[in-house]
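Here is a short note for a colleague who is opening this structure for the first time. Please read the points with the model in view.

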Amino acid sequence: MSERSALRARLDALARELMKFGAVGGAGVLVNFVVFNLVRHLTELPVVRASIVATVVATGTNYLGYRYFTYRDRDKNGRTKELTLFLLFSVVGLVIENGVLYVATYGFGWDSSLQSNVFKFLGIGLATLFRFWSYRTWVFRALPARKAVATAESFLAEAEAESAQERRAASAAAAERPRE
């Protein structure tokens, strides 16, 4: 496998991962906004607390989607560690997401329903960048064997290509030799 085709395969895998992550995340955003607006309009909770409740509900649904859809082929050993790291990074994402909303609401006084939804959306966007990096890097780690297999396959493919090239060169040299 050439470097170009190996890079292409890695980019294709990343694109598939991003699409799956986006599908689960999109569903999570929908859950987040529905719960946020329901809590905000049906209770007397302040805006940031309503947002935190919504983020926690969405985080629970996202874990299921990431574990059983986006990263179903990743290492399944150490589920306690995986869940602990997921929750840790989710809390950081929660702080990012709701920090934006907090600053907009209490720092600038932007607390209408539309403004709250806009700043919640911006916070989700920033938190999503962090979550994608942290989940794929620390939580849902790739199986080490997969990388080893890919490396071995590329090594074998290169060796086969070199061997075929050597056979062709030897055959061409034999054809050019005068016959006795």
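1. Start with helices α1 (residues 3–42) and α4 (residues 113–139). They pack at an angle of about 145 degrees, and their axes are 11 Å apart. Axes are lines fitted to C-alpha atoms, for helices over the stretch in contact, and angles run from 0 to 180 degrees between N-to-C directions. Helices here are DSSP runs (H or I, at least four residues), numbered from the N terminus. The crossing of α1 and α4 is right-handed, that is, the near helix is turned clockwise from the far one by less than a right angle.

2. The model is predicted: local features need pLDDT of at least 70, side-chain atom pairs count only at pLDDT 80 or more, and totals for chains, interfaces and linings use all residues. Residues are numbered from 1 along each chain as its sequence is written, and side-chain values use heavy atoms, with hydrogens and water left out.

3. Which residues meet between α1 and α4? From α1 they include Leu-14, Phe-21, Phe-33 and Arg-40; from α4 they include Ser-113, Lys-120, Ile-124 and Tyr-135. By class, this contact has 10 nonpolar, seven polar and five charged residues. Asp, Glu, Lys and Arg count as charged; Ala, Val, Leu, Ile, Met, Phe, Trp, Tyr, Cys and Pro as nonpolar; the others, Gly among them, as polar.

4. Look at Asn-117 in helix α4. Asn-117 is buried, with a relative accessible area of 17%. Buried means under 20%, exposed over 50%, and partly exposed in between (1.4 Å probe, protein chains only). Leaving aside neighbours within four places in sequence, Asn-117 is in contact (heavy atoms within 4.5 Å) with Phe-33, Phe-36 and Asn-37.

5. Next, the aromatic rings. The count comes to 17 aromatic pairs. Rings of Phe, Tyr and Trp (its six-membered ring) pair if their centres lie within 6.5 Å; planes under 30 degrees apart count as stacked, over 60 as edge-to-face and the rest as tilted. Tyr-102 and Tyr-106 have ring centres 4.9 Å apart and planes at 50 degrees, so this pair is tilted. Both sit in helix α3 (residues 79–107), four residues apart, so about one helical turn separates them. Tyr-102 is partly exposed at 46%, and Tyr-106 is partly exposed at 47%.

6. Finally, the record. An unreviewed UniProt entry annotates "transmembrane region" at residues 21–39, 45–64, 85–108 and 114–133; such annotations may be inferred rather than shown by experiment. In the model, residues 45–64 are 90% helix, with end C-alpha atoms 27 Å apart. Residues 85–108 are 96% helix, with end C-alpha atoms 33 Å apart.

Definitions and conventions
Helix = DSSP H or I, 4+ residues; strand = E, 2+ residues; numbered from the N terminus.
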